[in-house]
Amino acid sequence: MEITWLGHGTFQFVLPSGETIVLDPWTDGNPKYPKKHTFKRIDTMLISHGHYDHIHDAVPLAKKFKPAVGAIFETCEWLKKKGVDKTMPMNKGGSQKLGSVTVTMTHAVHSCGITDGDEIVYGGEAAGYVLKFEDGRTIYFSGDTNVFMDMQLIAEMYEPDLVFLPIGDLFTMSPREAAVACRLLRAKTVIPMHFGTFPALTGTPEALALAVDGVWKLEPGEPVQW
Ligand code: NI
Ligand code: MN
């Protein structure tokens, strides 16, 4: 499949069939969103939590491409109110098949308020996802989180081949915590995310690579094959 980092916590996966999965869409106002990128299709959208830097463009993109939108129940209710048709609510420990991918919702240690005008609306809890593809390979996408011991359960139950972890510090874990997360997850390969978007997100892949093997640094807008 083709994986493209769209900056910050936003990713696009294009499967060999053309099926396209978008995680945590933030394009408008994302300083690292590649200007040359355009969405051609979106079959599945996954939202880890309701912070604006993960959900900002979920509504306009869902209206345009009509994907199945997976998120925690309360965030799905909010998305429905905003005119998203095909919400696929779930909660932690639950799995559902979205397109060809089996998606399991996992825990995350983070908050989940949705900024709606000048209010913050309850969005349920922050979550992560395990994606199991038809070829048997598995990805763990943590969303925004600190390290937590139950990452051991994710390793035991889902044995992810590739993990996505935030390393930026301040609003998520930094490379120090992410290194421990890699150990708990028994991660073979880790794609760092949620760093460098603003000066305040100071964690770097280089700092993580001092502590663990298998750091795969992507560049926004440069697709890689996996
Ligand atoms: Ni967040
Ligand atoms: Mn965030």
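**Exercise 1. Determine whether Phe11 and Phe164 are buried or exposed, and classify their ring pair.**

Solution. Step 1: Phe11 and Phe164 are both buried, where buried means under 20% relative accessible area, exposed over 50% and partly exposed in between, with a 1.4 Å probe and protein chains only. The model is predicted: local features need pLDDT of at least 70, side-chain atom pairs count only at pLDDT 80 or more, and totals for chains, interfaces and linings use all residues. Residues are numbered from 1 along each chain as its sequence is written, chains are lettered from A and ligands numbered from 1 in the order in which they are written, and side-chain values use heavy atoms, with hydrogens and water left out.

Step 2: Rings of Phe, Tyr and Trp (its six-membered ring) pair if their centres lie within 6.5 Å; planes under 30 degrees apart count as stacked, over 60 as edge-to-face and the rest as tilted. This rule gives nine aromatic pairs. For Phe11 and Phe164 the ring centres are 4.9 Å apart and the planes stand at 85 degrees, so the pair is edge-to-face.

Step 3: Phe11 belongs to strand β2 (residues 11-14) and Phe164 to strand β13 (residues 162-166), so the pair ties together parts that are 153 residues apart in sequence. Helices (H or I, at least four residues) and strands (E, at least two) are DSSP runs, numbered from the N terminus.

Step 4: Ring pairs join Phe11 and Phe164 with Trp5, Phe13, Phe133, Phe141 and Phe195 in a cluster.

**Exercise 2. Give the strand order of the open sheet of seven strands and find its edges.**

Solution. Step 1: The order is β6-β5-β4-β3-β2-β1-β15, with mixed pairing; two strands pair if DSSP finds at least two bridges between them.

Step 2: The edges are β6 (87-90) and β15 (224-225), each with a single partner strand, so one side of each has no neighbour in the sheet.

Step 3: Inside the order, strand β4 (residues 44-46) runs parallel to strand β5 (residues 68-72), joined by three bridges. Thr44 has Ala68 as its bridge partner in β5.

Step 4: Helix α2 (residues 58-65) buries Ala58, Val59, Leu61, Ala62 and Phe65. These buried residues pack against β4, α1 (52-55), β5 and α3, with contact meaning heavy atoms within 4.5 Å. After α2 comes Lys66, with a positive phi near 55 degrees.

**Exercise 3. Which residues coordinate the manganese ion (ligand 2)?**

Solution. Step 1: Donors are N, O and S atoms within 2.8 Å of the metal (3.2 Å for Na, K and Ca); water is not among the atoms, so sites may look incomplete.

Step 2: The donors are Asp53 (OD), His54 (NE2), Asp144 (OD) and His194 (NE2), at 2.1 to 2.2 Å. Their spacing in sequence reads D-H-x89-D-x49-H.

Step 3: The nickel ion (ligand 1) lies 3.1 Å from the manganese ion (ligand 2), and Asp144 coordinates both. Asp144 sits in the loop between β12 (138-141) and α4 (151-158), and His194, 50 residues apart from it, in the loop between β14 (190-193) and α6 (205-211). Both Asp144 and His194 are buried.

**Exercise 4. How do β7 and β8 pair?**

Solution. Step 1: β7 and strand β8 (residues 101-107) are antiparallel over four bridges; Lys97 has Thr102 as its bridge partner in β8.

Step 2: The hairpin has two residues between the strands, and Gly99 takes a positive phi near 65 degrees.

Step 3: In strand β7 (residues 95-98), Gln96 and Leu98 form the covered face, Ser95 and Lys97 the uncovered one. In β8, five of the seven residues are buried.
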